[in-house]
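Hi,

Here is the model I promised to pass on.

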Amino acid sequence: VFILIGIISLLVSVMAWLLVRNRPEDYGHKPVLVHKVEDNDHTVSIFRKLGKVIANKRLWPGFIVNFGSSGGLYAFMGLWAVPYLRDVHNMTRNEASIYVTLLIAGFAVGAMSWGSISDWLRNRKLVISFALLVYLGCWLILILAGWPATVPGAWLLCFFMGLGGSGFFLTMPNAKEISHPGFSGIAVAAVNVGTFLGVAIIQPLFGKVLDSVWNGKLIDGVRVYSESAYKTGFILLLVLGLSSLLAVVFMQETRCRNIFHL
């Protein structure tokens, strides 16, 4: 698998070298950047640009959305889902990986769809809120009702958790639309830091929560956690998701256009 990924990456690199251009004008299109950056486009340092972006208070709600929702989703999808299904529901790693794959499939579908839906409705906050409600609903099901009794029900739960959890991607165009066009790339990157910071903090934090309610069970020297312990961790992810939903309230609606000067 790694060899195949390496070969594909090399091919993509060659394609990027041959096809990608620095400006739309290089392909005969109209320029995207229609506003000059203050203090002369070429003299503003990257640090001054970053400072201007960070000082934009309208950017921070999107950062919080990314931290809570994507951090929680990646913590489960990328690390804790397989141990949960193995320890609590006696699945093999191969069986558990099927459900994780469905999580990723839902995530991929949402990542490709929410933007188009948002552009069609000309609304960012409404679509993010709906996606987060789907995501939070999945956690409520796991906490209150437990793992679905039927295989199709479990498949749907995983798919919709990934689908709803991917709604945080709309914070990226929102960040671009509330920032000076000359700083849009830095603005998107700044908001995206919330995702990486969330993953870095929430993955081990989930483990700390499990340790705090561990009943002492060991198998081959490895800690095994109960269903109630995992549900305690799920409550943490639910609370983080609720914080993301609350942060959406404070996001600036852009109607899918740049409103920096408004």
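By salt bridge I mean a side-chain nitrogen of Lys or Arg within 4 Å of a carboxyl oxygen of Asp or Glu. On that criterion, Asp119 and Arg124 are paired through their side chains, with an N to O distance of 2.9 Å. Salt bridges with shared partners link Asp119, Arg124 and Glu177 into one network.

Before the rest, some housekeeping. This is a predicted model, where local features need pLDDT of at least 70 and side-chain atom pairs count only at pLDDT 80 or more, while totals for chains, interfaces and linings use all residues. Residues are numbered from 1 along each chain as its sequence is written, and side-chain values use heavy atoms, with hydrogens and water left out.

For burial, I call a residue buried under 20% relative accessible area, exposed over 50%, and partly exposed in between (1.4 Å probe, protein chains only). Arg124 is buried at 4%, whereas Asp119 is partly exposed at 42%.

The structure holds five salt bridges. One of them joins Asp87 to Arg86, with the closest N and O atoms 2.9 Å apart. Here Asp87 is buried, with a relative accessible area of 18%, and Arg86 is partly exposed at 28%. Another pairs Arg23 with Asp26, at 3.4 Å between the closest N and O atoms. Arg23 is partly exposed at 45%, and Asp26 is partly exposed too, at 34%.

Next, the surface. Val14, Met15, Trp17, Leu18, Leu19, Val20 and Tyr27 make a nonpolar patch of about 810 Å². Patch members have over 30% relative accessible area and no salt bridge; like charges are joined within 9 Å, and nonpolar side chains (Val, Leu, Ile, Met, Phe, Trp, Tyr) within 5 Å. The areas are Shrake-Rupley, with a 1.4 Å probe, and for residues only the protein chains shown count as cover. Leu19 belongs to helix α1 (residues 2-19) and is partly exposed at 48%. Helices here are DSSP runs (H or I, at least four residues), numbered from the N terminus.

Finally, helix α9 (residues 227-249). Its 23 residues should span 33 Å, which agrees with the 33 Å between its end C-alpha atoms; the expected span is 1.5 Å times one less than the number of residues. Buried residues in α9 include Tyr230, Phe234, Leu237 and Val248. Among the elements covering the buried residues of α9 are α3 (60-89), α5 (125-145) and α8 (184-212), where contact means heavy atoms within 4.5 Å.

Cheers

Notes: Helices (H or I, at least four residues) and strands (E, at least two) are DSSP runs, numbered from the N terminus.
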